[in-house]
Amino acid sequence: MPQLPAPAYPAEVRARLEADAKEVIARYPDSRSALLPLLHLVQSEEGYVSRTGMAFCADTLGLTTAEVTAVATFYTMYRRKAGGDYQVGVCTNTLCAVMGGDAIFDRLKEHLGVGNDQPDMTTADGKVTLEHIECNAACDFAPVVMVNWEFFDNQTPESATRLVDDLLAGRTVEPTRGAPLCTYKETARILAGFPDERPGAVAASGGAGHASLIGLKLAKGEAAPQARVVGPRGEAPTDQPQKGAEHLSSHDAPQQTSASDPDHPAGPAAEEGE
């Protein structure tokens with residue numbers, strides 16, 4: 001059945017949002033370019049992008065609600081329903097998964113009783129929303145958990161469980177790197193382009209982590225620490241290089257090719273059934 005028109009914001013809320021929206025739109029030569037930050041702005045008001053928020057964006061920018069909905073449903077950083085103060089995203093993409101991301105997500109899902117495939121993604125007290133994320137763009141620190149888009153690197157099921165327990169208890173939680181943690185609504189306002197006015201928050205943002213810079217150092221010809229051989233879980237790493245590891249890449253010293261390669265000494269592998 002067709003939905004009724006979205007309810008309007010209360011007059012005082014709309015007046016405040018209109019003032020903020022005017023400031024955002026002034027940054028762009030074309031007003032419709034302000035749609036992404038405006039969606040973050042209405043998300044900072046309700047904690048998600050509601051039908052009321054989308055109608056506000058459409059009215060403010062002279063767009064149709066269908067155009068706004070198309071954008072709000074495309075980007076995963078916009079919630080479509082109410083969530084918790086802290087959105088805990090566990091990366092379960094390839095590298096994080098093999099390094100333990102799946103185990104972390106399963107542990108948190110069991111511990112909190114919420115998750116993507118559960119009836120609800122948010123704890124009953126409204127503090128924590130749990131979801132798996134396809135990539136947190138931090139493979140060099142895998143497995144990674146993000147809380148309101150701040151990094152918590154090199155996690156384990158145990159450390160991630162302590163993390164969500166601290167969030168539930170209201171204890172102070174410090175990201176591995178980046179700005180101090182704030183609530184989801186506060187994060188949304190910062191993403192809308194408004195300054196983070198907390199003392200020292202901007203300075204704490206910092207830059208890339210050590211692991212992220214190793215490739216850059218190699219590209220510049222700078223010395224890099226000798227790679228350690230990581231054994232099976234429970235065994236300590238060693239400083240003995242693996243066979244062939246003296247070469248930086250296969251481009252420097254071609255390695256033995258696959259059996260499917262026609263140039264392989266054994267000849268090309270036969271197709272199935274031949």
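Two strands pair if DSSP finds at least two bridges between them. The model discussed here is predicted.

Q: In which sense do β1 and strand β2 pair, parallel or antiparallel?
A: Strand β1 covers residues 86-91, and strand β2 covers residues 128-133. Six bridges join β1 and β2. The sense of this pairing is parallel.

Q: Which residue in β2 is the bridge partner of G89?
A: G89 is one of the residues of β1, and β1 pairs with β2. The bridge partner of G89 in β2 is E131.

Q: Which residue in β3 is the bridge partner of V88?
A: Strand β3 takes in residues 145-147. β1 and β3 run antiparallel and are joined by three bridges. In β3, V88 has as its bridge partner V147.

Q: Is T129 buried or exposed?
A: T129 lies in strand β2. Its relative accessibility is 5%, and the cut-off for buried is under 20%. T129 therefore counts as buried.

Q: Which residue has its backbone nitrogen 2.6 Å from a polar atom of the side chain of T129?
A: Leaving out residues up to four places away in sequence, T129 touches several residues, including R79, G83, G84 and Y86. One of these has its backbone nitrogen 2.6 Å from a polar side-chain atom of T129, and that residue is G84.

Definitions and conventions
Residues are numbered from 1 along each chain as its sequence is written. This is a predicted model: local features need pLDDT of at least 70, side-chain atom pairs count only at pLDDT 80 or more; totals for chains, interfaces and linings use all residues. Side-chain values use heavy atoms; hydrogens and water are left out. Buried means under 20% relative accessible area, exposed over 50%, partly exposed in between (1.4 Å probe, protein chains only). Helices (H or I, at least four residues) and strands (E, at least two) are DSSP runs, numbered from the N terminus. A polar contact is a pair of N or O atoms within 3.5 Å; within protein, one must be able to donate a hydrogen and the other to accept it, and residues adjacent in sequence count only if both atoms are side-chain atoms. Contact means heavy atoms within 4.5 Å.
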